[in-house]
Amino acid sequence: MKFKVLVSAPYLLPVLDQYRQILEENNCDVLVASGNERLEESDLLPLVGDVDGVICGDDKFTPRVIEAAPRLKVLSKWGTGIDSLDQQACARRGILIKNVPNAFSEPVADTVIGWILCFARRLPDQTATMRDGKWVKFSGHALNEKTLGVVGIGDTGKAVVRRANAFGMKVRGHDIRQVDRQFVTTNKLELTDLEGLLRESDYISLNCTLTPDTKWMINEASLSLMKNGAIILNAARGPLIRESDLISALESDKLGGAALDVFEEEPLSASSKLRQLPNVLLSAHNANSSPLAWSKVHEQAVLNLLDGLREAK
């Protein structure tokens, strides 16, 4: 039996030829589609009518897209987060959703700690003034003087906690799920409710999944709870933060800064105020950057697709 598969995951597309043979050996005809970061509903609708499987990135597989794909058997997510895939619509149709758990925990955690070091040691400011021909001594702080709050103690959250612990930071954590007690004890993690974490942390790292309950969890009300001068870090999902409220808190100096790899709308608009604020570090949804990790996810996403097609027969 021949299968038609759509490949749209942007990190996989440049190296897709390395995986064509295994796909073709498993009776897959490959259709390629690329977009600017992700495919929207309108992009997908003309493509999915005769597709059996998809290797996707953060493409918007809405109920309308799912219903327009009568042959669809499996969605293989390149990466971990599946919030862009309508799970209820897939369940109604019996469509398998497969992902790659713990795909990028290590590079993302490195990014979070890198951001903290940039703020603590004023590294971007020092470089900028030196390049301007100035000789300025900035006030900073050591990490062991500060408290880090980690929202979401999954694979990435745990990796952040381990790194912060190595720097001697006091670490508070919050998760709606039970957190392994041995991990908590070994890493001197103090579990607390979200309000307490926001009130008591100097740095706040968001490492949770995007759900209807977590969308805009950082908003005007939650920002008001934070310490004056606190710094928020988001390498998880953009809509965890209501950006208009974040911008107001940054402009009013309520917050000391923010570091963002993800945004409510991606790519980030060229006119976004976030691009103009001096106390904001930005990157283009790239905290997962690691060619070694990418290659492992390429392979697993392809295998997940083939396994899903076999399971669905």
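Biologist: How many bridges join β6 to β7?

Modeller: This is a predicted model, in which local features need pLDDT of at least 70, side-chain atom pairs count only at pLDDT 80 or more, and totals for chains, interfaces and linings use all residues. Residues are numbered from 1 along each chain as its sequence is written, and side-chain values use heavy atoms, with hydrogens and water left out. Helices (H or I, at least four residues) and strands (E, at least two) are DSSP runs numbered from the N terminus, and two strands pair if DSSP finds at least two bridges between them. β6 and β7 run parallel, and the number of bridges that join them is 5.

Biologist: Which residue in β7 stands opposite V150?

Modeller: β6 spans residues 147-151, and β7 spans residues 170-174. The residue of β7 that stands opposite V150 is G173.

Biologist: How many of the 5 residues of strand β7 are buried?

Modeller: Buried means under 20% relative accessible area, exposed means over 50%, and partly exposed lies in between (1.4 Å probe, protein chains only). β7 is largely enclosed by the rest of the structure, because the number of its 5 residues that are buried is 4.

Biologist: Is T147 buried or exposed?

Modeller: T147 lies in strand β6. Contact means heavy atoms within 4.5 Å, and, not counting residues up to four places away in sequence, T147 touches M169, K170, R172, E200, S201, D202 and Y203. With a relative accessible area of 10%, T147 is buried.

Biologist: Which strands stand at the edges of the sheet of 7 strands?

Modeller: This open sheet has the order β8-β7-β6-β9-β10-β11-β12, with parallel pairing. Its neighbouring strands are turned by 20° against each other on average, direction ignored. The strands that pair on one side only, and hence form the edges, are β8 (189-191) and β12 (280-282).

Biologist: What is the bridge partner of Y203 in β10?

Modeller: Strand β9 (residues 203-206) and strand β10 (residues 230-234) run parallel and are joined by 4 bridges. In β10, the partner of Y203 is I231.

Biologist: Which elements do the buried residues of α11 pack against?

Modeller: Axes are lines fitted to C-alpha atoms, for helices over the stretch in contact, and angles run from 0 to 180 degrees between N-to-C directions. Helix α11 (residues 243-251) packs on the sheet, touching β10, β11 (255-260) and β12, and its direction makes about 140° with that of β11. Its buried residues are E243, D245, L246, I247, A249 and L250. They pack against α10 (220-225), β10, β11 and β12.

Biologist: Why are β2 and β5 each left without a neighbour on one side?

Modeller: The open sheet of 5 strands has the order β2-β1-β3-β4-β5, and its pairing is parallel. Strand β1 (residues 3-7) pairs with β2 over 5 bridges, and V5 stands opposite V30 in β2. One side of β2 (28-32) and of β5 (96-98) lacks a neighbour in the sheet because each stands at an edge with a single partner strand.

Biologist: At what angle does helix α12 run to β4?

Modeller: Helix α12 (residues 291-312) lies across β1, β2, β3 (53-56), β4 (74-77) and β5. Its angle to β4 is about 165°.

Biologist: How is the orientation of α5 to α6 described?

Modeller: Helix α5 (residues 105-121) and helix α6 (residues 123-131) pack at an angle of about 60°, with their axes 5 Å apart. Angles under 35 degrees count as roughly parallel, over 145 as roughly antiparallel, 65 to 115 as roughly perpendicular and the rest as oblique. The orientation of α5 to α6 is therefore oblique.

Biologist: Which residues of α6 make the contact with α5?

Modeller: From α5, the contact is made by L117, C118 and R121. The α6 residues are L123, P124 and Q126.

Biologist: What is the relative accessible area of V108?

Modeller: V108 lies in helix α5. Not counting residues up to four places away in sequence, V108 touches T156, A235, A287 and N288. V108 is buried, with a relative accessible area of 8%.
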